[in-house]
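This briefing goes through one protein chain by topic. Please keep the sequence and the coordinates open while reading.

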Amino acid sequence: RLAAESTTTAAECRSDVSLGRVERQLFDKAAQGIRPLVQFIQRTRMIYQLDVMETVAWLDRQRACGRGPASLAANDV
């Protein structure tokens with residue numbers, strides 16, 4: 001299941017995605033680096049139910065579609 005979730009399909013990339021406030025904040029924090037991103041996730045995890053590894057995987061899928069910041073290396077997390 002993880003392999004299926006980690007691959008981005010063409011249909012996912014074609015879908016018109018309008019980002020919400022939290023998604024935009026995640027992109028902003030990721031653009032600042034791994035430390036601000038992790039701090040944001042830890043600080044707001046009870047509110048937004050975020051997980052560091054799942055968030056980085058989501059950011060990588062968005063990047064694969066040409067959206068958001070550059071990929072974060074898995075060994076940075």
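This is a predicted model: local features need pLDDT of at least 70, side-chain atom pairs count only at pLDDT 80 or more; totals for chains, interfaces and linings use all residues.

In which helix is Glu 23 placed? Glu 23 lies in helix H3.

**Overall makeup**

- The chain has five helices and zero strands, so its pattern along the sequence reads α-α-α-α-α.
- Of the 77 residues in the chain, 26% are buried.
- When contacts between residues at least 6 apart in sequence are taken, 55% of them join residues at least 24 apart.

**Helices H3 and H4**

- Helix H3 covers residues 21-32 and helix H4 covers residues 34-48.
- Their axes come within 8 Å and cross at roughly 155°.
- Angles over 145 degrees count as roughly antiparallel, and H3 and H4 are therefore roughly antiparallel to each other.
- On the H3 side, the contact is made by Arg 21, Val 22, Gln 25, Leu 26, Lys 29, Ala 30 and Gln 32.
- On the H4 side, the contributing residues are Pro 36, Leu 37, Phe 40, Ile 41 and Tyr 48.
- Sorted by class, this contact of H3 with H4 contains eight nonpolar, two polar and two charged residues.

**Nonpolar core**

- In soluble globular proteins, nonpolar side chains tend to be buried together.
- The largest nonpolar core here has 13 residues.
- The members that touch the most other members are Leu 26, Leu 37, Ile 41, Leu 50, Val 52, Trp 58 and Leu 59.
- Helices H3, H4 and H5 each supply at least two residues of this core.
- Leu 26 also belongs to the contact of H3 with H4. Not counting residues up to four places away in sequence, Leu 26 touches Leu 37, Phe 40, Ile 41, Leu 50, Thr 55, Trp 58 and Leu 59.

- Leu 59 is found in helix H5, which covers residues 52-64.
- Why does Leu 59 count as buried? Its relative accessibility is 5%, and buried means under 20%.
- Leu 59 and Ala 30 are 29 residues apart in sequence, and their C-alpha atoms are 8.3 Å apart in space.
- Gln 62 is found in helix H5. Gln 62 is buried because its relative accessible area is 10%, against a cut-off of under 20%.
- Leaving aside neighbours within four places in sequence, Gln 62 is in contact with Phe 27 and Arg 67.

- Glu 23 is partly exposed, with a relative accessible area of 29%. This value falls between the limits for buried, under 20%, and exposed, over 50%.
- From C-alpha to C-alpha, Glu 23 and Leu 59 are 9.2 Å apart in space, and they are 36 residues apart in sequence.

**Gln 49 between H4 and H5**

- Where is Gln 49 placed? Gln 49 is in the loop between H4 and H5.
- Phi of Gln 49 is near 60°, a positive value in a residue other than glycine.
- Is Gln 49 buried or exposed? Gln 49 is exposed because its relative accessible area is 61%, and exposed means over 50%.

Notes
Residues are numbered from 1 along each chain as its sequence is written. Side-chain values use heavy atoms; hydrogens and water are left out. Axes are lines fitted to C-alpha atoms, for helices over the stretch in contact, and angles run from 0 to 180 degrees between N-to-C directions. Helices (H or I, at least four residues) and strands (E, at least two) are DSSP runs, numbered from the N terminus. Angles under 35 degrees count as roughly parallel, over 145 as roughly antiparallel, 65 to 115 as roughly perpendicular and the rest as oblique. Contact means heavy atoms within 4.5 Å. Ala, Val, Leu, Ile, Met, Phe, Trp, Tyr, Cys and Pro count as nonpolar, Asp, Glu, Lys and Arg as charged, and the others, Gly among them, as polar. Buried means under 20% relative accessible area, exposed over 50%, partly exposed in between (1.4 Å probe, protein chains only). A nonpolar core is a set of buried Ala, Val, Leu, Ile, Met, Phe, Trp, Tyr and Cys residues joined through side-chain atoms within 4.5 Å.
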